[in-house]
Amino acid sequence: MEGGVVLLDFWASMFGMRVRIALAEKEIKYEYREQDLRNKSDLLLQMNPVHKKIPVLIHNGKPICESLVQVQYIDEVWHDKAPLLPADPYKRATARFWADFVDKKMYDSGSKIWKTKGEEQEAAKKEFIENLKLLEGELGDNLYFGGEGFGYVDVALVPFYCWFYAYEQCGGFSIEAECPKLIAWVKRCMQKESVAKSLADPEKVYEFVLHLKKAYGIE
Amino acid sequence: MAEEVVLLDFWASPFGIRVRIALAEKGIKYERREEDLRNKSGLLLQMNPVHKKIPVLIHNAKPICESLIQVQYIDEVWHDKAPLLPADPYKRATARFWADFVDKKIYEVGGKTWKTKGEEQARAQKEFMESLKLLEGELGDKAYFGGENLGYLDIALVSYYCWFHVYEKFGGFSIEAECPKLTAWAKRCMQKESVAKSVPDQQKVYEFALHLKKILGIE
C-alpha cells in the first residue's frame, strides 16, 4: 500500500501542474491543498523550509520538493503504470537535459514578456520564440517528446501552454504563427485527460497576470 | 564491445570535476580533452550546440550535457560498481533535491563572495554561509552525504571545494570556523583517490581567480 499523498500547490503554477499531470497519469488519488502565496501555511513552511515554495508533494508524511524531482519520484514509486522516463539511459539523459532546458529558459523568458515593455520586451519575445523553436527541433516528427508515448519532457513543458495566451496578449504576438508544430503537439497533449484537467484556464491566467501587473506597478 | 568515453572539460570547472570523480569512482577509462573557453573547439560546439559549455561527456560518439545529468548517466550505465544514487526512491529524491540546491545556491552566491564588494559582498557571504550550514545540517553525523560511501550529493558539492579557498581568501572569512563538520567532510572526501586526482591544486585555482579578477576588472 502506498499511503497518503498530499499536494501543496497554487492553481496557476506551471510547476504544480507538472505534478498534477504525473499523479493523474499514474491514477494516484491525492489531496490537493491550494496555498495562499501571500500568507504561506505553517505546513508549507514546515515541509519546505529551504525554499518555502510550492509545489510540495507529501507522501506518507514525508515531503519531496522541486517539481522535476517530484515527477521522477512519482515515476519511480509508481513504476508499474504509465512510465514517464524512458528505460534506456541515453534517452533518459536526453529527457533530463530538455526538461532542465525548460526549467532554465522558459520561466524567465516568459516572465519577462509580461513584466517588461519596449526593447526589453522585444528581446524577451525573441528569446522565448528561439527557445520554443529549439524545443520544436527536438520534438521533430514525434507525436510526443517521449516518442510514441507521453513522457517526462511533455510533462515538464506542457503546463507553460496555459500561460501562452497571457504572454501573447501582453507581448502582442502569436506563438502559433511562429511555432505551429509545437502548438499541434500541445493540442495533442490537451486531448489527454491527465493534461486537460491539470492545466489552468488560459483566460483566468491572463486575468491573474493583469492583477499581478497592477500589484507590481507594471504598466 | 569497447566503450569510448571522451570528456570535454576545463581544468578549474567544478562541473567538470564532478564528472571526473564519477568516472574515477566507476573505474572508467576515458580521454580528457582540455577546452580553451575563449576559443571553443568545433567538437564542443557540435556536441553541445544548445549551451556551448563544458563539461560534455561523449560516450560512443553520443553527447550528454549538464554535469548532474552526466553523473546520473554514468551511474545508470556503469551500475554494477560504486553506486552513486541510493536505491530507495525517497532517498534518491532527497539527494536530487540537495544537489539542485547546490547548483542553485553555491555557484552563483559563491561567485558573488569574490566578484562583488561592500554591502553586496557582505550579503553574499552571509547567504553563502547560511547555505553551507543547511548542507551541514543535511550531512548530520554521517561520514558522507551518501551515508557510508561517497554518493551523488558528495560529488555535487565537493567539486566546489577547491574554490572555497578562493572565496575565503578574497572574502576574508573562514569556512572552517563556521562549518567545521563540513570542512571535516571535505577532507574525508579528499582522502579518496577518485576525488584527490580529480580536483586541481588549490593554489593554481587561486592564481586563476586572481587572473580572472584582473580580466573582469574587479578590484
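A residue counts as buried under 20% relative accessible area, as exposed over 50% and as partly exposed in between, with a 1.4 Å probe and protein chains only. By that scale B:Gly217 is exposed, because its relative accessibility is 62%. The structure is a predicted model, in which local features need pLDDT of at least 70 and side-chain atom pairs count only at pLDDT 80 or more, while totals for chains, interfaces and linings use all residues; side-chain values use heavy atoms, with hydrogens and water left out. Residues are numbered from 1 along each chain as its sequence is written, and chains are lettered from A and ligands numbered from 1 in the order in which they are written.

**Chain A as a whole**

- Chain A contains 11 helices and 4 strands, where helices (H or I, at least four residues) and strands (E, at least two) are DSSP runs numbered from the N terminus.
- The radius of gyration of chain A is 17 Å, which agrees with the value near 17 Å for a compact globule of 219 residues; the radius is taken over C-alpha atoms, and the globule rule is 2.2 Å times the number of residues to the power 0.38.
- Along the principal axes, the C-alpha atoms of chain A occupy a box of roughly 55 × 45 × 30 Å.
- Of the 219 residues in chain A, 54% are buried.
- Among contacts in chain A with a separation of 6 or more, 69% are between residues 24 or more positions apart; a contact means heavy atoms within 4.5 Å.
- Chain A has an accessible surface of about 10,300 Å², and carbon and sulfur atoms hold 50% of that area; the areas come from the Shrake-Rupley method with a 1.4 Å probe, and for residues only the protein chains shown count as cover.

**Chain B as a whole**

- Chain B likewise has 11 helices and 4 strands.
- Its radius of gyration is 17 Å, close to the 17 Å from the globule rule for 219 residues, so chain B is as compact as a globular protein of that length.
- The C-alpha atoms of chain B fill a box of roughly 55 × 45 × 30 Å along the principal axes.
- Buried residues account for 53% of the 219 residues of chain B.
- In chain B, 69% of the contacts with a separation of 6 or more link residues 24 or more positions apart.
- The accessible surface of chain B is about 10,400 Å², with 51% belonging to carbon and sulfur atoms.

**The second largest pocket**

- A pocket is an open set of points on a 1 Å grid over the protein atoms alone where a 1.4 Å probe fits, with protein on both sides within 12 Å along at least five of seven lines.
- The second largest pocket holds about 380 Å³ of space; a volume is the space filled by probe spheres set on the points, which are joined across faces, edges and corners.
- Its lining comprises 20 residues, and B:Leu84, B:Pro86, B:Phe145, B:Gly146 and B:Gly151 lie nearest the centre; lining residues have an atom within 4 Å of a point.
- The lining has 10 nonpolar, 4 polar and 6 charged residues; Ala, Val, Leu, Ile, Met, Phe, Trp, Tyr, Cys and Pro count as nonpolar, Asp, Glu, Lys and Arg as charged, and the others, Gly among them, as polar.

**Backbone features**

- Most residues other than glycine have a negative phi, and most peptide bonds are trans.
- The peptide bond from A:Ile54 to A:Pro55 is cis, with omega near -5°, and A:Pro55 lies in the loop between α2 (42-47) and β3 (56-59) of chain A.
- In chain B, a cis bond joins B:Ile54 and B:Pro55 with omega about -5°; B:Pro55 is placed in the loop between α2 (42-47) and β3 (56-59) of chain B.
- A:Glu27, in the loop between α1 (14-25) and β2 (31-34) of chain A, has a positive phi near 55°.
- A:Glu27 is exposed, because its relative accessible area is 61%.
- A:Asn60, in the loop between β3 and β4 (62-65) of chain A, has a positive phi near 50°.
- A:Asn60 is partly exposed, at 47% relative accessible area.

**Individual residues**

- A:Gln72 belongs to helix α3 (residues 67-77) of chain A and is buried, with a relative accessible area of 6%.
- Residues up to four places away in sequence aside, A:Gln72 touches A:Leu85, A:Arg96, A:Tyr152, B:Gln72 and B:Arg96.
- B:Gly217 is in the segment after α11 (202-216) of chain B.
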